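User: I have a list of labels for this structure and would like to know the grounds for each. Please set every value against its definition.

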Amino acid sequence: MRKILAIAWNDIVIEFSDRATLIFFLVLPVIFTAVVGVGLRSAYTAPDPNADNRYPVPVVDEDRSALSAQFVELLSNSAVMRPVAYEREEAARVYEEDNLAGLLVIPSGFGERLLAGEAADLALRQPSNDTRALAVGEAISAAGSRLSTAALIAQSSVAEAERLRPFADAAARAAYFQQGYQMALEFLEQPPATVEVTRSAQAQVVTDLGSSMDQASAGQLVTWVLITLVGAAELFVNERLGGTLRRLLVTPTRKATVLTGKIGGRLAMGLVQMLLLVVIGATVFGVNWGRSVPALAIMLLAFGLAAVALGTLVGTIAKTRGQASGLTTMISMVGAALGGAWWPLEITPPAYQTAVKALPTTWAMTGLKDVIVAGQGVSGILPEAGILLGFAALFLALGIWRFRYE
Amino acid sequence: MRKILNIAWKDLISAFREPGVVIMMLVTPFALTLVMGFAFGAFGGGNAGPAGIPMTIVNHDAGEFGQRLVRMLEADGLADLLVVTVLSDDAAARAAVDADQSAAAVIVPADFSEAVVPAGLSQGDTSGLQGAQPVTIELYANPTRPVSAGVVRTVAERFIDVASAQRSAGLVVVGQIVGNRLADPQAMAQQGAAIGHRVGDQVASTSLVRVVGESDAAGQSNFDWLGYMAPSMAILFLMFTVSAGGRTILLERDLGTLPRMLTTPTGAAQVLGGKVLGTYLTGLAQMIILFVASTLLLGVHWGAPAPVAALLLSLVAAGTGWGMLIAAYSKTTGQANAVGTALSLTFGALAGNFVVRDLLPDVLKKASLITPNAWGLDGFKALAAGGTLADVALPIAALWGMAAITFALAVVAFRRQAAQ
């Protein structure tokens, strides 16, 4: 046991004697967590009630009618966008200079056409290939839909009335339409039902849409710890090429002791890194890591074992330091991305979700979300932890089978 | 010049002969682009977003609207989006959500239909609407699938909107006819429900307000993940390549091949020029291979070839400048390796190689303009949208400016080292 600890400690000391290790161990994971968390915020978090963080959209009202004003009023209630009134030239300048998500023009005659029960167009200019564009477009369509519904109801009401008795003149017809339109708007303001979202009592949800930092912290933890632990491959290749493994074996040390010490040292590094990222996530980014410390600990340990075992296996495949380094980066980044560490798996196609169940990163992310978001305890994450331990056993068995000391 | 070209060619060939380098330069960025393409449905003609969302519904409402909600959820039109299981027990539906078998459970109360059309309304009695509070449809959401639960919520709310439109239609039509004494109240009241259905269906399928795309977004309302991620990953891994290229200068020094080269009739400037050109050509070859592979194999549209080529040449020049700068100010290859990798990843994170650039806060977007990644991403985005050389003139100028500054700073440091 003492030899195992000595070998493990020696590896850790050598690794951290290079100050650059700290950059990958701690600095970059924290930077990435912050940037990804901020980047995902708009996709995840409900708008802060104390700050208007909706997308500003210049609106040019060339119609200047009661209906166009009503439409802008509806837009101002949007949770996604904030209409800002401009003249046409100024609006175009602001849209281009500030790279805004849209520029809306309500053309002259908009209200008149709607009141006549005719289709009325809105001109929306948006940047191409921009993630904000769809949300802003939908918000404008939703507000337009409310006006459209009221106008259609009023139009139908006019038609029904006309079947019973023709209108005296166009003015009477228009007045009837206007009356129906206002009544419809009032009735539409009183929906017969609302949808109320509830969740399990264990759920750790801050907002309806969850927290971007929860996704970012768990995802970045999986990515960077994977780089550290799959990096065991570089350790083994370095030792093999440098002949240090061979030299260790001429001392009275068993092969199993050497291997356990090497793997144990790397695993310990990964566990310490996870602990630091959990603490920083909680204290700096306000990540809620769940209700059950034992469940979180089991998940992290199981993930650590699977990842370091994978590193051991990769170490037997890579022949040179360059190969080990390249494979470590590729396996870590692609594996993390595939497994849901960079984006939530639920937004991917069903076939993709099924295919990535073959990866340990998928089970690590699923288990971590069960702990962090669903607030599950030990019994809730046993299946994921069990599967990760299965991966660990498989990778380790293959790694040891292929392992060569020289 | 021939010596410079010889050194550059040797470095280019060496880079592509090393499997580990090829994995980093070509395999990883291509694999990540491929993964993102699959993840966001770019290969099935589909759009990014959830599909096949498992959900359950428990309908306690024996009336018309509860049944219609169930039928709407099970309709063919939503078959790709939702996989619906109808249950009769609230606890079982909640258990399915807790077991992660379902993204959400919709629980319809017994009085839903009564809330839409209160008793007596079809006989003209509107007193049931006076001060009536809306009933609550419960959506028991799976916290680990917030996006999917949000989709189910949107679908349920859209159904309520249609029901509300139908009710409003009946009330307006009948109310106006009766209020304007166009017909007998009793006779009209009985027609209210039929009118409501007819008008409601029309309202649900028609919109008088049309949103027309004016320019930039015409024909491109959905975000093209592949179009964004292919250049994004290529740029990210270009930075790894150029920082590794700069590192070879230090490696040659440590291995003694650099002093040996200098004992031949080859000047220091020629050696350095060859190394710089070698790094530049390696980066350029990497970008061209990724450009061709993603265009031919993944169908990515990068833009018109001429401006794409101009942008690629500028981007690789700026990247090479950064690679040389890192090498010039590093004392050891280990230091150059660590700083190069850290800087490449940080540049990638700041500029939007990992998260779509549009989503980043303005302060980060502006700060990231010190990176080649940001200018490259902005340029390729403009070109993919049909931009011309004029549209990428600013990114190209900025990248060449960046190349000039970084090269100048690197040369100062290399000269200082040579003097020592």
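Predicted model: local features only at pLDDT ≥ 70, side-chain atom pairs only at ≥ 80, totals over all residues.

User: Why is Ser314(B) called buried?

Analyst: A residue is buried if 20 or more other C-beta atoms, placed from the backbone, lie within 10 Å of its own, exposed if 12 or fewer, and partly exposed in between. Ser314(B) has 24 C-beta neighbours inside 10 Å, so it counts as buried. Ser314(B) sits in helix α11 (residues 305-328) of chain B; helices (H or I, at least four residues) and strands (E, at least two) are DSSP runs, numbered from the N terminus.

User: What does Ser314(B) touch, leaving out residues up to four places away in sequence?

Analyst: Ile396(B), Leu399(B) and Trp400(B). Contact requires that the C-beta atoms of two residues, placed from the backbone, lie within 7 Å.

User: What makes the phi of Asp100(B) and of Arg181(B) worth a note?

Analyst: Most residues other than glycine have a negative phi. Asp100(B) is not a glycine, yet its phi is positive, about 60 degrees. Arg181(B), also not a glycine, has a positive phi of about 55 degrees.

User: Why is strand β1 (residues 53-59) of chain B described as largely enclosed?

Analyst: Seven of the seven residues of β1(B) are buried, so the rest of the structure largely encloses this strand. On one side the buried residues are Ile53(B), Met55(B), Ile57(B) and Asn59(B), and on the other they are Pro54(B), Thr56(B) and Val58(B), which leaves both faces covered.

User: How do you know that β1(B) pairs with β2(B) and with β3(B)?

Analyst: Two strands pair if DSSP finds at least two bridges between them. Six bridges join β1(B) to strand β2 (residues 82-87) of chain B, and the two run parallel. Pro54(B) has Val83(B) as its bridge partner in β2(B). The link from β1(B) to β2(B) passes through helix α3 (residues 64-74) of chain B and is a right-handed β-α-β crossover; right-handed means that, with the strands pointing away from the viewer, the path from the first strand over the helix to the second runs clockwise. β1(B) and β3(B) pair over five bridges, again in the parallel sense, and Ile57(B) stands opposite Val106(B) in β3(B).

User: How do you know that strands of chain A and chain B pair with each other?

Analyst: Strand β5 (residues 193-198) of chain A and strand β4 (residues 135-141) of chain B are joined by six bridges and run parallel. Glu196(A) has Glu138(B) as its bridge partner in β4(B).

User: What makes up the contact between the chains?

Analyst: 92 residues of chain A are in contact with 99 residues of chain B. On the side of chain B, helix α6 (residues 146-179) gives the largest share, 20 residues. By class that side has 59 nonpolar, 27 polar and 13 charged residues, where Ala, Val, Leu, Ile, Met, Phe, Trp, Tyr, Cys and Pro count as nonpolar, Asp, Glu, Lys and Arg as charged, and the others, Gly among them, as polar.

User: Why is helix α14 (residues 372-384) of chain B described as largely enclosed, and how does its reach compare with the expected span?

Analyst: 13 of the 13 residues of α14(B) are buried, so the rest of the structure largely encloses this helix. From first C-alpha to last, α14(B) reaches 18 Å, close to the 18 Å expected; the expected span is 1.5 Å times one less than the number of residues. Just after α14(B), Gly386(B) has a positive phi of about 100 degrees.

Methods. Residues numbered from 1 in each chain as written. Chains lettered and ligands numbered in written order.
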